[in-house]
Amino acid sequence: MTLLGQQPPPPPQGPGVYPPFPAPPVEGRGRRLGLGLGVGAGVLVLVCGGGVAAAVGLGRVMTSALNEQAEVVVGDYLDALRDREWSQAYDQLCDEARQKETEAQFTSRVSTAELITSWEVGNVDLTQLAAPVAVTYADGDTADLRAFLGQSRDTGGFEVCSIEE
């Protein structure tokens, strides 16, 4: 007997008690889990692979653009020297180079130098901001020079600071 003289209710009639829900399915569970993990891994590889491919592509495009810009800037500078347009060549120098020598000093120095008639600009070395330049002089001699570049504060583009052996 329990408190206050009441008894617990009798058990339900029938063969026994049924559980409130069936047991979870066992067959196929590992297969579904493996399939889900496989699909998730596949999506992850695609996303990460796409990101890596985009980064590589962007790097190549940027390098190509910098090489093209350096080729144009160095070419314009050497065009001005070849055409003996000293003032135009001086205006294409970076700020640092123009602070080191006046236009008159520059003209005096480059007007006595051997005339460069043709050139080929190589790939920019971004650590030194320099590009190799294979030049041919008026007398047919050749040389490998380096064009050191600077960045314009106004435009952000390259400017020639010096061309040296």
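Glu-101 is buried, at a relative accessible area of 16%, where buried denotes under 20% relative accessible area, exposed over 50%, and partly exposed the range in between (1.4 Å probe, protein chains only). The structure is a predicted model, in which local features need pLDDT of at least 70 and side-chain atom pairs count only at pLDDT 80 or more, while totals for chains, interfaces and linings use all residues. Residues are numbered from 1 along each chain as its sequence is written, and side-chain values use heavy atoms, with hydrogens and water left out.

Glu-101 forms a salt bridge with Arg-109, with 2.8 Å between the closest N and O atoms; a salt bridge is taken as a side-chain nitrogen of Lys or Arg within 4 Å of a carboxyl oxygen of Asp or Glu. Arg-109 is partly exposed, with a relative accessible area of 46%. By this rule the structure has six salt bridges. In one of them, Asp-125 pairs with Arg-146 at 4.0 Å between the closest N and O atoms. Asp-125 lies in the loop between E1 and E2 and Arg-146 in strand E3, so this pair ties together parts 21 residues apart in sequence. Both are partly exposed, Asp-125 at 28% relative accessibility and Arg-146 at 25%. A further salt bridge joins the side chains of Arg-82 and Asp-79 (3.0 Å, N to O). These two residues are three apart in helix H1, and therefore separated by about one helical turn. Asp-79, Arg-82 and Asp-83 are linked in a network of salt bridges.

The chain contains four helices and four strands, assigned as DSSP runs (helices H or I, at least four residues; strands E, at least two) and numbered from the N terminus. Along the sequence the pattern is α-α-α-α-β-β-β-β. Of the 165 residues in the chain, 23% are buried.

The largest nonpolar core has 29 residues, among which Val-74, Tyr-77, Leu-81 and Phe-106 touch the most other members. At least two residues of this core come from each of H1, helix H2 (86–91), helix H4 (103–111), strand E1 (116–121), strand E2 (130–137), strand E3 (142–151) and strand E4 (158–164). The most are given by H1, with seven residues. Such a core is a set of buried Ala, Val, Leu, Ile, Met, Phe, Trp, Tyr and Cys residues joined through side-chain atoms within 4.5 Å. Leaving aside residues up to four places away in sequence, Phe-106 touches Tyr-77, Leu-81, Trp-86, Ala-89, Tyr-90, Leu-93 and Glu-101, a contact being heavy atoms within 4.5 Å.

One disulfide is present, defined as a pair of cysteine sulfur atoms within 2.5 Å. The bond is formed by Cys-94 and Cys-161, with sulfur atoms 2.1 Å apart. The torsion about the S-S bond of Cys-94 and Cys-161 is about 130 degrees, so the disulfide is right-handed. Both cysteines are buried, whereas Cys-48 is partly exposed at a relative accessible area of 44%.

Val-47 is located in helix H1 (residues 29–82) and is exposed, at 57% relative accessibility. Thr-63, also in helix H1, lies 9.1 Å from Leu-126, C-alpha to C-alpha, at a sequence separation of 63 residues. Thr-63 is partly exposed, with a relative accessible area of 40%.
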